[in-house]
Amino acid sequence: MHVGGCEQQTYWSVEESDTWTNIKKHLLYSPLGRKRHNREIQLSSAINVGTLPSRFQTILILLYLASQVAYCTILDYRVNEKKALVAELRGRSGTLAVLNMVPLFLLAGRNNPLIAILHISFDTYNCLHRWLGRIVVIESVVHTVAWAVNAVDEVSVSDMLKRLCDTPFFTWGLVGTVAMVFLSLHSPSPVRHAFYETFLHLHQLAALLAYVGVWFHLDLDGLPQKPWAIAIAAIWIFDRAARFSRLLYLNISPRKGATKLVVQALPGEACKVTFHLPKHVHINPGSHVYTYIPSVSLWMSHPFSVAWVDPCSSVTNAAEPEKFAKSPTSTGSMSPSLLEKQPVVDLNDYMRESQEPTSVSLIVSARQGMTRKLYNKALIAPNQILHLSGYIEGPYRSHVSNMGSYGTAVLFSAGAGITHHMLYVRDLIIRATEGRVATQKVYLIWSVRSTEHLAWVQEWMDEILRLPGRRDILTIKLFVSKPKSSREIVSPSATVQMFPGRCRPHVVLDEVIPNRVGATIVSVCGPGAFADEVRAAARDNIGKGAVVDFVEEAFTW
């Protein structure tokens, strides 16, 4: 971490390596084509076929796929005997199918240790999980077909079918292959998005059946791949045990009972969902949690970014005293002109040691399924406030752990994506004021459809604008794409600005980069099309002398 003032960070603001610049611009941050990466490919307004992997992800997937094809096809052709070649193909494809199931299960877990070790996002691992799954299915089918070809050549088709039914070793192998084929048939994006909860239940049941089939197939003949199957079971058990432990630890206290949940309907079809935990916990900026609300979605869980934590957890590390600030109570709509006039609070009064129970707040935008059902329930509740039983699992940290090592942070948000950046803003301001991070400039860019959406984070924005040193560090730019009237668009000062129309990331960065301090990080959280625009703007500024890094928070599924 390079902590220091504006003058001390000049060295870090200029890119020295052309090689690293080109790698970032044309490989690490690059979409597969010109711009599209997380913008979904739509066949119609109701059907999409998913997103494209990035250029780097595509290269990794193609290289891995090539290695699988090579291992299965570079056989000992000198034998020149069909039966022997098919048997060798059967053995190699079966071996690879079981071997690839190990990372397949690892990358699907919420407690994937590689996220913390390599600082690669869960979203990237989820992409690799999907492609690994397709490879395993293909190899399983090749393995089964290769066996069937030789079995038919030995006797007949009817004998081959009889052996599948009468011999447990072959029966369980067929069960595993059929389950894997089913996994591939019900997993395409249109099916996942149209029937997500049904898909998830069927996916987990089919994965279990596939594993059971593989296990007995290996066990009955004492095959040498059995230890890999044991490793798969260990990975699954570890992930489930860790999830259950997190759930119990966060939500149950012998002295203070269980978590209490309050849901408040907000303008713009969204809910503020606040989990009042029975204990004090540390939650890092950029974290996300999985919510369980039994009265709305039974045992299902759904991921959301943590929008706010009270008391404050803005500490350098978990060993330091945790401090917090009380949020001002406010019930009106967000008004930047009023926010600018908030009195500055003394830092010593604002931050004091505390072990008060933690409240975790989320913003849930009403879309389909669980989110729409929750919003409708809150809408008809007295005062539009709903008290329910609910729990959270987590928190799961972001793969970005060094935001404070950049002199300039440009945080782009669209819609409910603002939730990912709120805690980063508070954390960076507090620690910058104390001289504990390199950050000297923070730009929060938020694009919304209407001014109603500003109410989603109104009370938290009030609190941020009251922080000491905020005026020197933070600049907020609000873009309202569909304002009801021009009177709604009021820029009260140079540090809180409102603009009508859509956010144009290129224009924002063209203004920010020349005035940067130190290295610059560009972060984005929002719909796929918006994220792709920010990615393109960030890449355009790489290779022009400035050190610019790009990170994206996404939950593609």
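The side chain of Asn541 lies 2.9 Å from the backbone oxygen of Ala537, a polar contact, that is, a pair of N or O atoms within 3.5 Å in which, within protein, one must be able to donate a hydrogen and the other to accept it, residues adjacent in sequence counting only if both atoms are side-chain atoms. The model is predicted, with pLDDT of at least 70 required for local features and 80 or more for side-chain atom pairs, while totals for chains, interfaces and linings use all residues. Residues are numbered from 1 along each chain as its sequence is written, and side-chain values use heavy atoms, without hydrogens and water.

Asn541 sits in the loop between helix H19 (528-540) and strand S18 (548-552); helices (H or I, at least four residues) and strands (E, at least two) are DSSP runs numbered from the N terminus. Beyond neighbours within four places in sequence, Asn541 contacts Leu509, Asp510, Ile513, Ala546 and Val548, contact meaning heavy atoms within 4.5 Å.

The axes of helix H3 (residues 82-108) and helix H10 (residues 226-251) come within 9 Å and cross at roughly 15°, axes being lines fitted to C-alpha atoms over the stretch in contact, with angles from 0 to 180 degrees between N-to-C directions. H3 is therefore roughly parallel to H10, a term for angles under 35 degrees. Thr95, Val98, Leu99, Met101, Val102, Phe105 and Leu106 of H3 meet Trp228, Ile232, Ile235 and Trp236 of H10.

Of the 557 residues of the chain, 51% count as buried.

Terms used
Parallel < 35°, antiparallel > 145°, perpendicular 65-115°, else oblique. Buried < 20%, exposed > 50% of the residue type's maximum accessible area, 1.4 Å probe, protein only.
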